[in-house]
Amino acid sequence: MAAIISCHYCSSLPSSKLFTPKIPTNHFRFPFSQNNLLSRRFGPRCSAQNPHQKDRRLFSLKECAISTVLAVGLLTGVPALDWSANAYAASPVFPDLSVLISGPPIKDPGALLRYALPIDNKAIREVQKPLEDITDSLKVAGVKALDSVERNLKQASRALKQGKTLILSGLAESKKERGIELLDKLEAGMDELQQIVEDRNRDAVAPKQKELLQYVGSVEEDMVDGFPYEVPEEYRNMPLLKGRATVEMKVKVKDNPNLDECVFRIVLDGYNAPVTSGNFIDLVERHFYDGMEIQRADGFVVQTGDPEGPAEGFIDPSTEKTRTIPLEIMMEGEKAPFYGATLEELGLYKAQTRLPFNAFGTMAMARDEFEDNSASSQIFWLLKESELTPSNANILDGRYAVFGYVTENEDYLADVKVGDVIESIQVVAGLDNLVNPSYKIAG
């Protein structure tokens, strides 16, 4: 049954159901109804409603002092709203304030994926960082930005020259030849970027930066030699993605004169979420999502994965039971993920997740609020327009399993509506990293 909330600042407004039927209301442990509070406050991108949600009504934040709510939450660490009696009333809503303001977050999905690789090579990171910083340099208006870009470039070039030997020594033995080729391309590309700066061609900087960072990312991937840890024995026979994979999701968009269909490219990170990513890839290979409608699109998240019928997840034909997977969270500084508990439940309130909810199009598993190991097939993408989800310090990190990022056309997720159809999801790279593929066994 859908949970009901009431707002102390909006007591005259009607309460509202949080989620669509068959998607349990407690899939997200939120102190606020994001469906309603956020979609109206920050401007819904998608106006269509799920036809099954006939009784869903929206709050109007014009009459609700959300700033007061946020202030109370930040200062007291407890919810300022009277929400579902089933929820954890004593749970901290926000992490420690010092974490919240600890520094500028990384929001680019490509950068997040690069930094999430399980490598320990300071030399390549010293090349990477100034190249990543070009993004901030370009925030300066006009050609003045090029002076900062040039400083970034000189720093990266110097780091590459001084650290090349250490970078090469960090490559997996079987990948050194390709690594040398990539570093040569990186050096040549830096020279080309220097010429772009000297020509004061500001518009050409970002595309060249992207190219250089792709070389850096490829070198870093070639530093990973095998899978870095053992998955716990109880999950070892499940479909596991031991590495990374890329999928393309084609969505047919209805009733949008500006967009007919869109292909989203998604990188799945099995290094940090092998069970979660493996489960998803296995379902993709079964064509589980093909032809499925988008079931939630409210300006806060886009969600799908609830099959037709009474089941709320994937029914494994070999067992005729719902296949569920454990909550899987990789924390910074750890060599393997935590399983079966949120970081909050583990008392790790200040811990940083390796795959944070930082980027527009962050991909994660929906689950039952009170059952950490209840995820099955329902997935969601965060649209990241909320003051309630500040990067690096929000109410999602450490509670829901992130396992990938949309890396191409992510902005178009905001145009996806309930009822739009996933025509297909196809693995375009990395399928050989999937082990124990159940789709080959059970069909």
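Trainee: How do the axes of helix 5 and helix 6 cross?

Mentor: Bear in mind that this is a predicted model. The axes of helix 5 (residues 122–137) and helix 6 (residues 145–169) cross at roughly 170° and come within 7 Å. Angles over 145 degrees count as roughly antiparallel, so helix 5 is roughly antiparallel to helix 6.

Trainee: Which residues make the contact?

Mentor: On helix 5 they include Val127, Leu131 and Ile134. Helix 6 contributes, among others, Val149, Ala156 and Leu160.

Trainee: And by class?

Mentor: The contact has 13 nonpolar, five polar and two charged residues.

Trainee: Switching topic. How many residues are in the largest nonpolar core?

Mentor: That core has 50 residues. Leu268, Phe280, Tyr289 and Trp381 have the most contacts inside it.

Trainee: Which element gives the largest share?

Mentor: Helix 9, with five residues. Elements giving two or more residues also include strand 3 (261–269) and strand 13 (421–429).

Trainee: What is Phe280 in contact with, leaving aside neighbours within four places in sequence?

Mentor: Val247, Leu268, Tyr289, Met363, Ile379, Phe403 and Ile425.

Trainee: What lies apart from that core?

Mentor: Another core, of 34 residues. Val127 is among them, as are Leu138, Leu193 and Val219. Val127 also belongs to the helix 5 side of the contact with helix 6.

Trainee: Now the whole protein. How many helices and strands?

Mentor: Ten helices and 14 strands. Of its 443 residues, 55% count as buried. The protein exposes about 19,800 Å², and carbon and sulfur atoms supply 49% of that.

Terms used
Residues numbered from 1 in each chain as written. Predicted model: local features only at pLDDT ≥ 70, side-chain atom pairs only at ≥ 80, totals over all residues. Heavy atoms only, no water. Axes fitted to C-alpha atoms, helices over the stretch in contact; angles between N-to-C directions. Helix = DSSP H or I, 4+ residues; strand = E, 2+ residues; numbered from the N terminus. Parallel < 35°, antiparallel > 145°, perpendicular 65-115°, else oblique. Contact = heavy atoms within 4.5 Å. Nonpolar A, V, L, I, M, F, W, Y, C, P; charged D, E, K, R; others polar. Core = buried A, V, L, I, M, F, W, Y, C linked by side-chain atoms within 4.5 Å. Buried < 20%, exposed > 50% of the residue type's maximum accessible area, 1.4 Å probe, protein only. Areas by Shrake-Rupley, 256 points an atom, 1.4 Å probe, with all protein chains shown as cover.
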